[in-house]
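Take a look at the protein below.

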Amino acid sequence: MADTAIITGQYIQIDQTPASAGERLLARVIDMLVMFVYEAAFFTIIILCNKLFPGLYRHETALIVTVLLFLLPVLFYSLLWELFNRGQSPGKKLLGLRVVMKDGSTPTLGASLLRWLFLLIDIHLFQCLGLVFILVTKNSQRIGDLAAGTLVIKEKNYHRIHVTLDEFTHLSVHYRPVFPQAENLSLEQVNLIGRTLSRHDAGRSQHIRELGVKVRRYLKINPPVDDEALLQTLTRDYQYYALEEV
C-alpha cells in the first residue's frame, strides 16, 4: 500500500500508510465480536434479572429502559468509540489503525457523525459498496471517509514527521535537547503548546501558566525556569526528536 502525504496545520508533511481493505475488514469483524459479547452479556443479565425479580418487565417503563440500554450502545458503537477514543474503535486499536482528518488531526464531531451516518450506505444497505470504494480510491477511503474528509491510517509511523533542518531555523545541527521527556509528547500536545505560545490576548499569561503546570506534572519534570521558557524549549526538543526519525 502506497503512502499518502498528510499536511498538518503547521504545514509539516507526514507520510502515512493507509489501512488496507483487509485490515479494515478485520477491524470491523473484531468490533462485531465485541458487540456480540456485549449483546450476550446483556441478555444474560436480563435473564438473571427476570429470575430474581419476576414480573419486572411487565411494566412499560422498565421495558423501554431495557430496550434503550440494549440498542443505544449497539447503534452508536462506531460513533462513540471513534469520537471519545481519538479515532479508534477496539478493532482499530488492536490492529494499530486510526481515523484522522486529512491534516492528521483528530476527527471533529461533524466528521465522526458523517462517517457514522454513511455506514448505513457503506455497509448495511449496499453490503460491499464501502469495500469497493476502499479498493478503488487512492487513499483507501469508503464513502463515509470521502464525505467526512477522513482517512484510516496505520499508526506505526504516525509520529514520523518528514521535515528538514532548514524548516526550523532556530534548530542548528549542533542543537542538543534539554528535556529527553519531550520525545513522549504527542503531535497534538505540541500543537497545543504552539497555539498557546502564539496567543496575543489578555489571557495568554494565565493559559501559559496553567499549561506549564500540566506539562510539568505530565512529564514529571520541574526545572527552575518560567513556564514560557519551558514550553518553548520542549517544542524545540520535540522537533529535534522528530527530525532524528527522518
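This report goes from the overall fold to a helix and then to a pocket.

**The whole chain**

The model is predicted. Its protein chain holds 11 helices and 4 strands. Of the 246 residues, 41% are buried. The accessible surface comes to about 14,600 Å², and carbon and sulfur atoms account for 64% of that surface. Now take the contacts between residues at least 6 apart in sequence: 65% of them join residues at least 24 apart.

**Helix α10**

Helix α10 covers residues 204–219, which is 16 residues. From first C-alpha to last, α10 reaches 22 Å, close to the 22 Å expected at 1.5 Å a residue. Its buried residues are R204, I208, L211, G212, V215, R216 and L219. They sit on the same side of α10, because they cover an arc of only 140° around the axis. An α-helix has 3.6 residues a turn, so residues three or four places apart point the same way. K214 and R217 are exposed, on the other side of α10. Just after the helix, K220 takes a positive phi of about 60°.

**The largest pocket**

The largest pocket has a volume of about 460 Å³. It is lined by 25 residues. Nearest its centre lie R24, R28, L119, I123 and R142. The helices in the table each supply at least two lining residues.

| Helix | Residues |
|---|---|
| α1 | 21–52 |
| α3 | 77–84 |
| α5 | 109–117 |
| α6 | 119–125 |
| α7 | 129–136 |

Which helix gives the largest share of the lining? That is α1, with 7 residues.

Methods. Residues are numbered from 1 along each chain as its sequence is written. This is a predicted model: local features need pLDDT of at least 70, side-chain atom pairs count only at pLDDT 80 or more; totals for chains, interfaces and linings use all residues. Side-chain values use heavy atoms; hydrogens and water are left out. Buried means under 20% relative accessible area, exposed over 50%, partly exposed in between (1.4 Å probe, protein chains only). Contact means heavy atoms within 4.5 Å. Accessible areas come from the Shrake-Rupley method with a 1.4 Å probe; for residues, only the protein chains shown count as cover. The expected span of a helix is 1.5 Å times one less than its number of residues. The arc is that of the directions from the helix axis to the C-beta atoms. On a 1 Å grid over the protein atoms alone, a cavity is a set of points where a 1.4 Å probe fits but cannot get out, and a pocket is an open set with protein on both sides within 12 Å along at least five of seven lines; lining residues have an atom within 4 Å of a point. Grid points are joined across faces, edges and corners, and a volume is the space filled by probe spheres set on the points.
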